[in-house]
Amino acid sequence: MATVRTVEPRCAVERKPDSRSVRPMDLFGNLTCGVDEAGRGPWAGPVTAAAVILDPAKPVEGLTDSKKLSEARREALAPLIRERALAWCVAHASVEEIDRLNIREATFLAMRRAVEGLQHRPSLALIDGNALPGGLACDARAIVKGDLTEPAISAASILAKTVRDALMLALDAAHPGYGLGKHKGYGTAAHAEALTRLGPAPCHRMSFAPVRKASLSA
(Lines give C-alpha, C1' and ligand atoms only; values in the text may rest on other atoms or scores of the structure.)
Protein backbone atom coordinates (compact mmCIF):
# COMPACT_ATOMS: atom_id res chain seq x y z
CA MET A 1 0.00 0.00 0.00
CA ALA A 2 1.26 3.48 -0.88
CA THR A 3 2.28 5.95 1.79
CA VAL A 4 0.47 9.30 1.79
CA ARG A 5 1.79 12.39 3.56
CA THR A 6 0.18 15.79 3.73
CA VAL A 7 1.97 18.58 1.87
CA GLU A 8 -0.68 21.30 2.01
CA PRO A 9 -4.42 21.20 2.61
CA ARG A 10 -6.04 19.40 -0.33
CA CYS A 11 -2.57 18.41 -1.63
CA ALA A 12 -0.94 15.03 -0.99
CA VAL A 13 2.03 13.04 -2.20
CA GLU A 14 1.63 9.35 -2.96
CA ARG A 15 4.79 7.31 -3.27
CA LYS A 16 6.21 3.81 -3.30
CA PRO A 17 6.92 2.57 0.22
CA ASP A 18 10.52 1.66 1.00
CA SER A 19 11.88 -0.35 3.91
CA ARG A 20 15.58 -0.32 3.05
CA SER A 21 17.88 0.87 5.82
CA VAL A 22 20.93 1.55 3.62
CA ARG A 23 21.49 4.63 1.52
CA PRO A 24 19.97 4.24 -1.96
CA MET A 25 23.06 5.63 -3.70
CA ASP A 26 25.05 2.74 -2.24
CA LEU A 27 22.56 0.32 -3.75
CA PHE A 28 21.97 1.75 -7.19
CA GLY A 29 24.62 4.37 -8.03
CA ASN A 30 23.55 7.46 -10.00
CA LEU A 31 19.80 7.50 -10.53
CA THR A 32 17.73 9.18 -13.24
CA CYS A 33 14.05 9.93 -12.86
CA GLY A 34 11.51 10.79 -15.51
CA VAL A 35 8.97 13.52 -14.78
CA ASP A 36 5.71 14.38 -16.53
CA GLU A 37 2.40 16.07 -15.75
CA ALA A 38 -1.28 15.61 -16.46
CA GLY A 39 -3.96 18.26 -16.35
CA ARG A 40 -2.41 21.56 -17.45
CA GLY A 41 -5.21 22.40 -19.85
CA PRO A 42 -8.47 21.46 -18.05
CA TRP A 43 -10.82 24.01 -16.55
CA ALA A 44 -11.23 22.00 -13.34
CA GLY A 45 -9.28 19.87 -10.91
CA PRO A 46 -5.64 19.86 -9.80
CA VAL A 47 -2.59 19.58 -12.00
CA THR A 48 -0.79 16.31 -11.27
CA ALA A 49 2.85 15.33 -11.76
CA ALA A 50 4.71 12.06 -11.37
CA ALA A 51 8.38 11.16 -11.04
CA VAL A 52 9.58 7.62 -11.74
CA ILE A 53 12.95 5.89 -11.40
CA LEU A 54 12.81 2.68 -13.42
CA ASP A 55 14.66 -0.49 -12.48
CA PRO A 56 16.70 -1.80 -15.47
CA ALA A 57 16.38 -5.30 -14.03
CA LYS A 58 12.58 -5.12 -14.10
CA PRO A 59 11.55 -3.60 -17.43
CA VAL A 60 7.97 -2.62 -18.17
CA GLU A 61 7.01 -3.36 -21.76
CA GLY A 62 4.78 -1.02 -23.76
CA LEU A 63 5.71 2.31 -22.18
CA THR A 64 4.87 5.39 -24.26
CA ASP A 65 3.06 8.71 -23.96
CA SER A 66 -0.09 8.09 -21.92
CA LYS A 67 -2.15 9.99 -24.50
CA LYS A 68 -1.22 7.36 -27.09
CA LEU A 69 -2.63 4.56 -24.94
CA SER A 70 -6.20 3.49 -24.34
CA GLU A 71 -7.61 3.93 -20.87
CA ALA A 72 -7.58 0.16 -20.39
CA ARG A 73 -3.92 -0.06 -21.38
CA ARG A 74 -2.96 2.79 -19.04
CA GLU A 75 -4.78 1.12 -16.18
CA ALA A 76 -2.98 -2.16 -16.92
CA LEU A 77 0.47 -0.54 -17.04
CA ALA A 78 0.12 1.67 -13.94
CA PRO A 79 0.29 -1.15 -11.35
CA LEU A 80 3.24 -2.71 -13.18
CA ILE A 81 5.11 0.60 -12.99
CA ARG A 82 4.32 0.90 -9.28
CA GLU A 83 5.48 -2.65 -8.63
CA ARG A 84 8.64 -2.73 -10.75
CA ALA A 85 10.04 0.80 -10.51
CA LEU A 86 12.81 1.51 -8.03
CA ALA A 87 10.88 4.58 -6.91
CA TRP A 88 7.84 6.59 -7.91
CA CYS A 89 5.93 9.54 -6.55
CA VAL A 90 2.75 11.30 -7.65
CA ALA A 91 2.02 14.83 -6.45
CA HIS A 92 -0.46 17.61 -7.13
CA ALA A 93 -0.90 21.35 -7.14
CA SER A 94 -4.40 22.31 -6.05
CA VAL A 95 -6.95 24.48 -7.82
CA GLU A 96 -6.23 27.19 -5.25
CA GLU A 97 -2.52 27.04 -6.08
CA ILE A 98 -3.23 27.14 -9.81
CA ASP A 99 -5.33 30.27 -9.37
CA ARG A 100 -2.77 31.89 -7.09
CA LEU A 101 0.41 31.02 -9.00
CA ASN A 102 -0.79 30.47 -12.62
CA ILE A 103 -0.88 27.08 -14.32
CA ARG A 104 2.77 27.08 -15.42
CA GLU A 105 4.14 27.71 -11.94
CA ALA A 106 1.63 25.33 -10.36
CA THR A 107 2.77 22.61 -12.76
CA PHE A 108 6.38 23.23 -11.76
CA LEU A 109 5.33 23.07 -8.11
CA ALA A 110 3.70 19.67 -8.63
CA MET A 111 6.83 18.46 -10.45
CA ARG A 112 9.10 19.59 -7.61
CA ARG A 113 6.87 17.81 -5.09
CA ALA A 114 7.01 14.62 -7.14
CA VAL A 115 10.81 14.65 -7.41
CA GLU A 116 11.24 15.59 -3.75
CA GLY A 117 8.86 12.82 -2.74
CA LEU A 118 10.97 10.06 -4.26
CA GLN A 119 12.45 7.89 -1.52
CA HIS A 120 15.67 7.59 -3.56
CA ARG A 121 17.23 10.91 -4.55
CA PRO A 122 18.01 11.08 -8.28
CA SER A 123 21.11 12.72 -9.69
CA LEU A 124 19.27 13.71 -12.87
CA ALA A 125 15.63 14.50 -13.68
CA LEU A 126 14.41 14.20 -17.26
CA ILE A 127 11.46 16.58 -17.65
CA ASP A 128 8.94 16.28 -20.46
CA GLY A 129 8.63 19.55 -22.35
CA ASN A 130 10.81 22.57 -23.12
CA ALA A 131 11.10 24.20 -19.68
CA LEU A 132 12.43 23.20 -16.29
CA PRO A 133 11.04 23.82 -12.80
CA GLY A 134 13.37 25.75 -10.57
CA GLY A 135 14.51 24.61 -7.16
CA LEU A 136 15.19 20.95 -7.92
CA ALA A 137 17.82 19.30 -5.74
CA CYS A 138 19.35 17.54 -8.75
CA ASP A 139 20.43 18.26 -12.30
CA ALA A 140 17.60 18.40 -14.83
CA ARG A 141 17.14 18.28 -18.58
CA ALA A 142 14.04 19.20 -20.57
CA ILE A 143 13.14 16.88 -23.44
CA VAL A 144 10.47 17.87 -25.94
CA LYS A 145 8.14 14.89 -26.48
CA GLY A 146 10.20 12.99 -23.95
CA ASP A 147 7.18 10.87 -23.09
CA LEU A 148 7.64 9.25 -26.51
CA THR A 149 11.39 8.67 -26.27
CA GLU A 150 12.34 8.23 -22.61
CA PRO A 151 10.77 5.22 -20.83
CA ALA A 152 11.00 6.85 -17.38
CA ILE A 153 9.10 9.89 -18.64
CA SER A 154 6.55 7.61 -20.30
CA ALA A 155 6.06 5.81 -16.98
CA ALA A 156 5.62 9.14 -15.20
CA SER A 157 3.09 10.20 -17.84
CA ILE A 158 1.03 7.06 -17.23
CA LEU A 159 1.06 7.40 -13.44
CA ALA A 160 0.16 11.10 -13.55
CA LYS A 161 -2.68 10.49 -15.99
CA THR A 162 -4.23 7.51 -14.19
CA VAL A 163 -4.06 9.15 -10.76
CA ARG A 164 -5.57 12.40 -12.01
CA ASP A 165 -8.32 10.57 -13.90
CA ALA A 166 -9.28 8.79 -10.68
CA LEU A 167 -9.38 12.12 -8.86
CA MET A 168 -11.67 13.55 -11.52
CA LEU A 169 -14.06 10.63 -11.08
CA ALA A 170 -14.21 11.47 -7.38
CA LEU A 171 -14.83 15.15 -8.20
CA ASP A 172 -17.60 14.09 -10.59
CA ALA A 173 -19.35 12.33 -7.70
CA ALA A 174 -18.88 15.38 -5.45
CA HIS A 175 -20.01 17.88 -8.10
CA PRO A 176 -22.57 16.16 -10.36
CA GLY A 177 -23.88 17.76 -13.49
CA TYR A 178 -20.61 18.90 -15.08
CA GLY A 179 -19.57 15.56 -16.57
CA LEU A 180 -16.13 15.70 -14.96
CA GLY A 181 -15.79 11.93 -15.02
CA LYS A 182 -16.14 11.91 -18.81
CA HIS A 183 -14.08 14.88 -19.98
CA LYS A 184 -11.78 15.03 -16.92
CA GLY A 185 -12.23 18.79 -16.67
CA TYR A 186 -11.22 19.64 -20.22
CA GLY A 187 -13.02 22.36 -22.14
CA THR A 188 -15.57 20.38 -24.11
CA ALA A 189 -18.85 21.75 -25.43
CA ALA A 190 -20.72 19.76 -22.78
CA HIS A 191 -18.52 21.23 -20.05
CA ALA A 192 -19.07 24.76 -21.34
CA GLU A 193 -22.83 24.21 -21.39
CA ALA A 194 -22.82 22.90 -17.82
CA LEU A 195 -20.74 25.86 -16.64
CA THR A 196 -23.24 28.26 -18.20
CA ARG A 197 -26.16 26.40 -16.68
CA LEU A 198 -24.78 25.66 -13.20
CA GLY A 199 -22.01 28.18 -12.70
CA PRO A 200 -18.54 27.13 -11.49
CA ALA A 201 -18.03 24.58 -8.72
CA PRO A 202 -15.26 24.86 -6.09
CA CYS A 203 -13.13 22.52 -8.20
CA HIS A 204 -13.08 24.93 -11.15
CA ARG A 205 -10.07 27.10 -11.95
CA MET A 206 -11.30 30.67 -11.68
CA SER A 207 -8.12 31.99 -13.32
CA PHE A 208 -9.12 30.29 -16.59
CA ALA A 209 -11.08 32.64 -18.86
CA PRO A 210 -14.05 30.33 -19.66
CA VAL A 211 -14.61 29.65 -15.96
CA ARG A 212 -14.25 33.32 -15.02
CA LYS A 213 -16.72 34.27 -17.75
CA ALA A 214 -19.22 31.68 -16.52
CA SER A 215 -18.90 32.98 -12.95
CA LEU A 216 -19.79 36.52 -14.08
CA SER A 217 -22.90 35.36 -15.90
CA ALA A 218 -24.09 32.88 -13.26
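Visitor: What separates Glu193 and Arg197 in helix H8 by about one helical turn?

Guide: In this predicted model, Glu193 and Arg197 are four residues apart in helix H8, which spans residues 189–198, and therefore about one helical turn lies between them.

Visitor: Why is the contact of Glu193 with Arg197 called a salt bridge?

Guide: The closest N and O atoms of Glu193 and Arg197 are 2.9 Å apart. A salt bridge requires such a nitrogen and oxygen to lie within 4 Å, so the term applies.

Visitor: Why does Glu193 count as partly exposed?

Guide: Glu193 has a relative accessibility of 41%.

Visitor: What makes Asp65 buried and Lys67 exposed?

Guide: The relative accessible area of Asp65 is 5%, and buried means under 20%, so Asp65 is buried. Lys67 reaches 64%, and exposed means over 50%, so Lys67 is exposed. Asp65 and Lys67 form a salt bridge, with 3.2 Å between their closest N and O atoms. Together with Asp147, they are linked in a network of salt bridges.

Visitor: Which parts does the pair Glu97 and Arg113 tie together?

Guide: The side chains of Glu97 and Arg113 meet in a salt bridge at 2.9 Å, N to O. Glu97 belongs to helix H3 (residues 95–101) and Arg113 to helix H4 (residues 103–116), so the pair ties together parts 16 residues apart in sequence. Both Glu97 and Arg113 are buried.

Visitor: How many salt bridges does the structure hold?

Guide: The structure holds six salt bridges.

How values were computed: Residues are numbered from 1 along each chain as its sequence is written. This is a predicted model: local features need pLDDT of at least 70, side-chain atom pairs count only at pLDDT 80 or more; totals for chains, interfaces and linings use all residues. Side-chain values use heavy atoms; hydrogens and water are left out. Buried means under 20% relative accessible area, exposed over 50%, partly exposed in between (1.4 Å probe, protein chains only). Helices (H or I, at least four residues) and strands (E, at least two) are DSSP runs, numbered from the N terminus.
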